[in-house]
Amino acid sequence: MIKLRTNDLALLDGKPVFLEKLHVGRPNIGNREKFSERVNDILDRRWLSNSGRYMQEFEKAIASYVGVKHCIVVTNATIALEIAIRALGLQGEVIIPSFTFVATAHALQWLGVTPVFCDIDPQTYNIDPARIEALITPRTSAILGVHVYGRPCDCDALEQIARRHGLKLFYDAAHAFGCSYQGQMVGNFGDLEVFSFHATKFLNSLEGGAIATNNEELANRARKMTNFGFTGYDQVDGVGTNGKMNEVSAAMGLTNLETIQELIAVNQRNYRQYQQELEGVPGVRVVAFDEAERNNYQYLVLEVDEETAGLSRDQLTQLLHAENVLARRYFYPGCHRMEPYATLFPEAAARLPETERVTARMLCLPTGTGIQSAEIIQVCELIRYMLVHGMEISQKMSRISKGPAQ
Ligand code: T4K
């Protein structure tokens, strides 16, 4: 037993269980020797960026892993989304979920395209296809789905809606590299999909992202845009940006990709362990992955039901942080409550009831190679203790927040 009395909790009067902070999104580091070898090779050859050997190799390796015809690696997923929006020629409005990382909305807004927030399906946490059509206007140019936590959207339903209304369909697949939908790898759906290889993703290239598509014309357009619109020496045939992935990032991505099965296996083992350890704990549920599909198990997500738990998700977060477990509230409070969207669309909250409910319940816990099995057991013991004594702890917390005079 980690704590004998509620006052032993670090937030109340005790000492933190963990001396070192446990992070969500601790990077996975592949074979260091192989990576160093590649970095030395990059330095020896003095080819650091601009379609270098490792960038090209990384692109081929991703395309082959995903089974997609074209892959363009980019500096990060945000720039990849921006390039995708330009390459698809989007204007006016694009329908997206609010329950996502703010980069999804920012990429549109940055380019002068209006994000229109759609509510989510509370079972999948993804954009709810049944609520999209009511949001379509003459200005709508596309639907942008997000495979939240790597659990794929209802791609069939989205495809049908997009076809019916002549809209583009693309995906923010930042969380979903290595995942499948109905047996087909994410990366093959819609007009294109965007991956993130940020440091916090289970497969990282330090910073990085990629556009995956089976549409050759679109791929060519996006590739050109990634390199200022160049089509040859001194020749530019349209607007572009600098989205090129550098060689060290590509070497990191390539090296990590070589151990991807091990990384997934670690995530899966952690997921099973959390599930097992938290089974029967009142008021929390580990969000499940469909075992019939391929999953990367990158996010370990709890849904907290305050009524049963006696503690709110935010109280649980505060308690865990005090113990040095830096659980994260992805994606609180939802893009619609962040600026500039809260000011631009003050009416959005009223039509996003499920998003509002879900953003108050989700909590991501540390997983990946940065956490040991024994630590997971301790984290779960802590959560179990906190929730079994939820009411008592909650009362003590409210006394603290009201101050000693109360
Ligand atoms: N679309 C979606 C749906 C996304 O989730 C994201 C990114 C994007 C688009 C955009 O992708 P990129 O443009 O980034 O490729 C983090 C990541 O920075 C972000 O990439 C990710 N989603 C998001 C879900 O998580 P923050 O603001 O929470 O990051 P931060 O600095 O708080 O770091 C998270 C945790 O990771 C910390 O506890 C510390 C730990 N960490 C982080 C880094 C960078 C480490 O231990 N080592 C590290 O090197 O956004």
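In which loop is the place of asparagine 204? The loop lies between strand S9 (192-196) and strand S10 (209-213), where helices (H or I, at least four residues) and strands (E, at least two) are DSSP runs numbered from the N terminus. This is a predicted model, in which local features need pLDDT of at least 70, side-chain atom pairs count only at pLDDT 80 or more, and totals for chains, interfaces and linings use all residues. Residues are numbered from 1 along each chain as its sequence is written, and side-chain values use heavy atoms, with hydrogens and water left out.

Asparagine 204 counts as buried because its relative accessibility is 1%; buried means under 20% relative accessible area, exposed over 50%, and partly exposed in between (1.4 Å probe, protein chains only). The side chain of asparagine 204 reaches the backbone oxygen of asparagine 28 at 2.8 Å.

The ligand comes next. Among the 26 residues around the ligand, those that come nearest are Arg26, Thr78, Asp172, His175 and Tyr330; a residue is near a molecule or strand if one of its heavy atoms lies within 4 Å of it. An N or O atom in the side chain of threonine 78 is 2.6 Å from an oxygen atom of the ligand, and a polar side-chain atom of histidine 23 lies 2.9 Å from a ligand oxygen atom. In the side chain of lysine 201, an N or O atom is 2.9 Å from a nitrogen atom of the ligand.

Helix H3 (77-87) and helix H4 (102-110) each supply at least two residues of the shell around the ligand. H3 is largely enclosed by the rest of the structure, because eight of its eleven residues are buried. Among these buried residues are Ala77, Leu81 and Ile85. At the start of H3, a side-chain oxygen of asparagine 76 comes to within 3.0 Å of the backbone nitrogen of threonine 78. Just after H3, glycine 89 has a positive phi of about 70°.

Two other loop residues have a positive phi without being glycine. Aspartate 234, with phi of about 60°, is found between strand S11 (230-232) and strand S12 (235-236). It is exposed, with a relative accessible area of 79%. Tyrosine 297 has phi near 50°, and at 4% relative accessibility it counts as buried.

Terms used:
Polar contact = N/O pair within 3.5 Å; in protein donor to acceptor, adjacent residues only side chain to side chain.
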